[in-house]
There are 2 protein chains.
Amino acid sequence: MSEQITDLIEEVVHAQDTDDNVLASVLASQDAADIALLLESLPVDERQHTWEQIPQSRRLEVLVEMRVDARETLIADMSREQWLTLLADIDAEDLLELSYNLPSRIIDLALSLMDEKQSEYFADAAQFDDDETGRWINHDMLVLPQNAKVRDAMRLLRREIAPHTDTLFLVNRAGQFAEAVRITEVLRTPDHTPLVDISEDAFSVLQAKEDCVDAAMLLQKSGFSALPVVDEQQKLLGRLDITAASELVNEYYEGQLMASAGMDEEEDLFSPVAKSARKRAIWLGINLLTAFLASAFIGLFEATLQQVVALAVLMPVVASMGGIAGSQTLTLIIRGLALGQVSKANLQALTRKEVGVGAVNGVIWAVVIGAVASFWFGDPRLGLVIGLAILANIICAALSGVLIPVLLEKFDIDPALSGSVILTTVTDIVGFVAFLGLGTMLLL
Amino acid sequence: MSEQITDLIEEVVHAQDTDDNVLASVLASQDAADIALLLESLPVDERQHTWEQIPQSRRLEVLVEMRVDARETLIADMSREQWLTLLADIDAEDLLELSYNLPSRIIDLALSLMDEKQSEYFADAAQFDDDETGRWINHDMLVLPQNAKVRDAMRLLRREIAPHTDTLFLVNRAGQFAEAVRITEVLRTPDHTPLVDISEDAFSVLQAKEDCVDAAMLLQKSGFSALPVVDEQQKLLGRLDITAASELVNEYYEGQLMASAGMDEEEDLFSPVAKSARKRAIWLGINLLTAFLASAFIGLFEATLQQVVALAVLMPVVASMGGIAGSQTLTLIIRGLALGQVSKANLQALTRKEVGVGAVNGVIWAVVIGAVASFWFGDPRLGLVIGLAILANIICAALSGVLIPVLLEKFDIDPALSGSVILTTVTDIVGFVAFLGLGTMLLL
């Protein structure tokens, strides 16, 4: 698939230079998700030009598939008339997705164009936060009363049915979710059988207030294509389907990957330079503070550095080994926390194991680096100093790698975002202080 | 979900101390995936003890759900009798998953216990590499000849049907895939209609040799729960279903996250210290080489450092700002490569934009850091030196952040694994040389 998008980019970039008809016909054969990926891959001017070649009737679905930041570049300057055309057939789900980019007057415009049911769905979903399951539901489900029979189900099944419908939902009179019945089970059961007789035994129900990524991962493992979503009174609100779930999970992972560099998953490949620079400057600023902090600690040892310049030469080795060892532990623990595998009950055993790994690698690399340093500068005492500093820093890195993400999670701060900055600060300072402190004691 | 696992760990750790019956009853109510997550979360002794409380009949499904490294700790010492019990009902898919851990004599034993069809399926799938779609297929599909009618389909639909079956596959006489028909479409169509009349227009077919993560992402976006997989002659081999696809995609993302710290997604939270230390030592060693390389460049400026010790104090600031700015660009480009959004056609525009962002942030932070350094050490020339070094390093980091992953991808090296080591090496060396070189020229 990635190959196909790459080819498509080349084709479009070439078509730009030649003929808009070629461009329009290339686009016509692509699905909305691929056109969205394509638009994100184009520099802003070419993106705008390509966007204009997309038929009006397909623009909405393409826009919905795009990332927030990239989408912004296309709709920033749209006129009210253009909005009216674009929003003519919008439904609640699409408006929810677009609402991140839209000023409230455009949202109101869209709501005024919707039928009552859709705007009610929108209002319901908009009550929930981004990270709650209730925001991501749809209403394309087959629902029957709890006392319905197979024949009622068969009647329902002759209608047009939305993708990812593998079960029927049964509700009681209060509208609360009661049971689920597999469609394939309905097909092999006599007409007069009550549906409750063939309902599923182990069937998960999602809570609207539940974290949407947890819910989505549960759905992915469930073996079903959609699961019902209920409110606190067990009332059936809608369903989460596997397409929406996969998007949520993939966005979560992308967010984790981007967070490690202080960015979010909406970051646009071709956002305007000024905007992109502004967004990234904050992260650079935070890191600058921690770098100055490390410098301040080095500054304490100016006199030592002046006398033993070899210490200045070797400083990066001590900092780097601590940072790498710590980030290995940190990455393992962040994954464990995300999977729910790290808890009070195993934290102690985990810390013991990681510190054990740190001690083993600390000793090995202390010896190696100590030997290299002794040989390089012809001074075994320098080898001893760097060896001890490496050992101390790697063990401390392992300890920090476990404790920092656990503490951050406790205070509801995303460890994927802040974990590595804090860890590096710790390993830099511990490394420099251990190395230069030992140097002051043993070399002067 | 993550909450539930965390609770479960606590329960099991407490039950360990009290009563095995409690433990067994806690386990009985959990599904295989959750027990697998639980076992991975336990230190090796408790893991072994808990494993023994799982009924024989469920052990295989739990083992299949576990990560390779964690699984290894449980099966390392199993006797031939234990293997015979465990493998009694194994099918091709499960054996494929376990085969990473099994010596060939146990694989042969398992094959001898299978029926002919299953061992044929195993042999077929084992021909494909881990990253090829053909390895991940199953055979639970509904297949009819191309000229079948709705009534034939209805007959087939009265059988027991595997989860995630939303379409019937039609094949021609040569066994080549021809068309797909939605089950829900079959239900609303008269008995005598040929199935080809109601087949899907836009339906993707996966190639067995195709990259399995690409195929899995395509399935996730397709709106179907499973897609057919064919060989080079278009012969229908099996299908990829959405549960398998989600696992492949999630493992891919986990792999990306772990790769940034030089680990793989199979890394066990509680692997034995010696094994874990050995696996991680390699990464530390590679990083050590790059750190020594940076030190060697610093060593060229020993004389300067001796005279201007402030340079030694500020070195980490220059290195850190370059590293952070570079990793932002790197992360964005790695994602773009993974999504297929970075290609020859837009590489130049992308480089221009990233270098632009680097120049803006370079100038801003050069001024800030230059001012701080001038004030701190009371020497405006030092401020000028560090400012220029920061500017050079951030711009060079942006350039490297684009070019390094693109080059690595070209040579088929995973940029998520090696990108950041190489980048940091470049930004360290450029930063130190620019800073100390300018210092030598302007401060001595």
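Modeller: Happy to! Buried means under 20% relative accessible area, exposed over 50%, and partly exposed in between (1.4 Å probe, protein chains only). This is a predicted model, in which local features need pLDDT of at least 70, side-chain atom pairs count only at pLDDT 80 or more, and totals for chains, interfaces and linings use all residues; side-chain values use heavy atoms, without hydrogens and water. Residues are numbered from 1 along each chain as its sequence is written, with chains lettered from A and ligands numbered from 1 in written order.

Over all chains, a search of the whole structure turns up 34 salt bridges (a side-chain nitrogen of Lys or Arg within 4 Å of a carboxyl oxygen of Asp or Glu).

Let's begin in chain A, where the side chains of A:Glu97 and A:Arg71 form a salt bridge with 2.8 Å from N to O. A:Glu97 sits in helix H8 (residues 92–98) of chain A and A:Arg71 in helix H6 (residues 68–75) of chain A, so this pair ties together parts 26 residues apart in sequence. Helices here are DSSP runs (H or I, at least four residues), numbered from the N terminus. Both A:Glu97 and A:Arg71 are buried.

Now move to chain B, where B:Glu40 and B:Arg67 join their side chains in a salt bridge, with 3.2 Å between N and O. Here too, distant parts of the chain are linked: B:Glu40 belongs to helix H3 (residues 32–40) of chain B, while B:Arg67 is in the loop between helix H5 (56–65) and helix H6 (68–75) of chain B, 27 residues apart. B:Glu40 has a relative accessible area of 5%, so it counts as buried. B:Arg67 is buried as well, because its relative accessible area is 15%.

The next pair in chain B is B:Arg135 with B:Asp130, whose side chains meet in a salt bridge of 3.5 Å, N to O. B:Arg135 is buried, because its relative accessibility is 11%. B:Asp130, by contrast, has a relative accessible area of 39% and is partly exposed.

Salt bridges can also share partners: A:Glu40, A:Arg67, A:Glu254 and B:Arg335 are joined into one network in this way.

Finally, a word on how the two chains are placed.

Methods: Helices (H or I, at least four residues) and strands (E, at least two) are DSSP runs, numbered from the N terminus.
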